[in-house]
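Biologist: Before I use the terms in a structural description, I would like to hear what stands behind them. Please take me through them one at a time.

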Amino acid sequence: MSKANAFRKHLLTFVFLVTAALFGASTMILFFGMLPTIAANVVDKSRQKSRAISVGMMNLSGVMPFLLELWMSPAPNSFDHALTILLQPKTVVIMYSIAAAGYAIEAAVTGMVATMLQQRAAARLRRIDFEVQELVDRWNYYVDGATQLDDAGFPYPNDD
Amino acid sequence: MAKPPVKTVPAPAPAAGSMIDGAGDVGGSTEAFRPTPLSGKMMFGDSIEIDLGKRIPQYGNRYVGAFAAKSLASDGRDLLAYVCEPQFTPRNRIGPSYASVANPALLRLIGSGIGKIAESHTNRFVFIYENALGAPIAENDVGLTMGMKSEKVMEKVVTPMISVLKDLRDYDIVHGGIRISNLYNGGKENYDFVVLGEALSLPPSMGQPPVYEPIDRALAQPTGRGIGTNQDDLYSLGVTLAMMIRTRDPMRGKSDAEILQNKMQYGTYATLLSPDDHFSGSIVELMRGLLYDDRRQRWTLEEVLAWQDGRRLSPKQTTKKLRAARPLTFNGKTYSFTMPLARDIFQRPTEAAQLIDSGDLYQWIKRSLDDETMLVHFDNAVKSAEEQGRNSLYLDRLIARMAICLDPEGPIRYKNLSITGEGIATALAEAFVANKDLGTYAEVFNGSLLSYWMTILTDLNHDMASFVTRFDACRSFMRQPGMGFGLERVLYFLNPDVHCLSPVVSRYYARTPEEFIMACEYLAADKSSMPTKLMDRHSVAFLCIKDRKVAEPYLFDMGANEPYRYVMGTLRCLTAIQRYGKITTLRNLTNWMADFIEPVYERFHDRDVRKELRRKINDVKDRGDLGRLLGILDNAELLRIDLANFRYAMRDYRGLVREREDLGSRLADGRYYGRREGRETSVIVSGVISTLLIVGVILMYLNGGRIL
């Protein structure tokens, strides 16, 4: 990693920490609300992190009403109000249920699509077998190129 | 100085029955010949019917049968038909000119050509004559002593026969069958109307007993005597006259070989006529003139005509027969002349080898004959025999050359052959039909024996130009092993009279490409009788000779091993015959060819193209036009496109197989296939849902709604 990149990374971390500190109430809701996403990110070993992204997006949509609740309250950056929101069971149920829905969507859609693709591939294999047989029927067995052919494209007599 | 002995390889023992038919020996291959039994009716054209059940033995001979025939025209006259045997090539080309000879003393030829036996689908060459022979003057030819008055013979036989020979000479025809048993009384008593019988149904002079032939021709086998000259006819007439007028036969009870031996030693005149017989009149002069053994001394027809006009002929310059000062002893016999020695060394090769090996023969020629030319020929014979090395055939080659050296004007003798230069053609034809050993002929044409023979005769001032050209061509044909060449080509080249001997069509007696294709048309009427190969070495060689443009361009194809190439060559050749012969319809053959061309379809890769070709062929196969079949199949552009499409198909095949392997390997573990795509889809789905939720919540809060 070059020095410029390291500096940029440090700068971003610094800005992130400062911002998180400045908007501590929102940060608190986000942190506790997005815990399922953090867990999904840890569990998802794939390079694309598609599961973490799916869960994360759904999780964010579950956290969003409570952030709005905080921001629309009279004390938008109040730790007490943020704590009040977090301590309500409804908050946890909604945020985590929607995150769980993210899990469910990821599992269902992935399975569905994979099954569909597998069936399509199997159909293609059958089609290929059919087309290969058609080629052999129309052009004879040596169309496969496995037999040495003469200039006219016919097997040498001893290859028959 | 004594000539160093010539070393020879040990001679094989002579094979039983290897004696030469006609070469003064009894026995031989044609002795066992029996005419093919024929029955039913044979049609000659539309107007003459030959009754094969009515053989007329007195008019036929050992080889050819004479049958009663009848004109179906309004006159309904009786005719005489000679039905030729395929084994013995008739002189069919001279039929038309022979028919033009109008001489009452010569049996009139009405027509010649193909006679057809419809029931057995067999054709034969036939000569149709007027049925005006009457009874034969004598039933057989051997040992006759008729004791006729010479004046009577002069009036009743000599005059009409000379007239016949003159007419034949004018048409450039050699009769080749003048003998007593072939003279008939024309149905009249007292020899008032002597008629000479036929001689065209056999190879030249084949039917002649050896006694009627000059010595050199009598030594040759009957099938190999060659066409001869008018002088040979005159000789035969001389023998006939001698038998008619003599009262004693000096050779009574002797065999042909002994008579021939006597002729060689004492001359024909002394052999046939006893010194005790005294003849009056000028017939003696005529017989002496006709019976000279030396061709140069023998009377020509002009001399006979001059004699007939009463002119006295001045004696010719005689070339005295070379006689040895001391006789040579060979095999217990003594020889003073080379001609009988030539014959006997040929018949006793083992003993001859010792004679040559010991140098005795060379010394005899040098000291007793004192013939420098013959000595040179002797040396050349040894060199020529050694040209092809000293293999197992060396002795045969040496003996053959020695026989020519000793008797240059005699026949060419090799192994079991004894043939004249002209006669080799008809002998070869007979050998082919009778399935005799053709290897000997191949050796003759491939080796240098003929060159040696021609060189010797050229040295002796014979005109050999035509032989040189012919035999050079034969040698060149022999050098090419492919179809259309070889011994078959030689056969048809030397024998313009011979029909196509291919087993496929031989029974149809095809003599021209048109007759050949018509024979194929008849054959094709019954598909089950068709051979797997229509064109064989015989057919192709025959067609090359008869009309080279119908066969030679396709020789490569017809000789190819690949079935489709052979089939296309055959089709092209037959199409050319049909086109050049202007034969409009060959329905059976076209129909059969439609099946025969199966291998050609196989040359197209594309099954659909084949199907289309088959459909097109089926559409035209009943029209009888081979050209149409060829037009459909002989399409280079279609072949090119087919090949290009085949290459594309190969490429497609490879692509499909690659795809199958790729897909198959990925699909092998179903747990992973499609999951990446599924997750990506789930991200999109989650993203859409979450976006909708967020937008909904924001709108809800903006509108004053609350979740808590």
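Predicted model: local features only at pLDDT ≥ 70, side-chain atom pairs only at ≥ 80, totals over all residues.

Biologist: Why is helix 2 of chain B called roughly antiparallel to helix 4 of chain B?

Modeller: Helix 2 (residues 150–170) and helix 4 (residues 230–245) of chain B pack at about 165°, with axes 11 Å apart. Angles run from 0 to 180 degrees between N-to-C directions, and those over 145 count as roughly antiparallel. The value therefore makes the two helices of chain B roughly antiparallel.

Biologist: Which residues of helix 2 of chain B meet helix 4 of chain B?

Modeller: Among them are Val153(B), Met161(B) and Leu165(B), and on the helix 4 side the residues include Leu234(B) and Leu241(B). Contact requires C-beta atoms, placed from the backbone, within 7 Å.

Biologist: What makes strand 5 and strand 6 of chain B a pair?

Modeller: Pairing needs at least two bridges found by DSSP. Strand 5 (residues 109–117) and strand 6 (residues 122–130) of chain B have eight, and run antiparallel. One of the bridges has Ile117(B) with Thr122(B) as its partner.

Biologist: In what order do the strands of the chain B barrel close?

Modeller: Six strands close in the order 1-2-3-4-6-5, with antiparallel pairing. The twist averages 40° from one strand to the next.

Conventions:
Residues numbered from 1 in each chain as written. Chains lettered and ligands numbered in written order. Helix = DSSP H or I, 4+ residues; strand = E, 2+ residues; numbered from the N terminus. Parallel < 35°, antiparallel > 145°, perpendicular 65-115°, else oblique. Contact = placed C-beta atoms within 7 Å.
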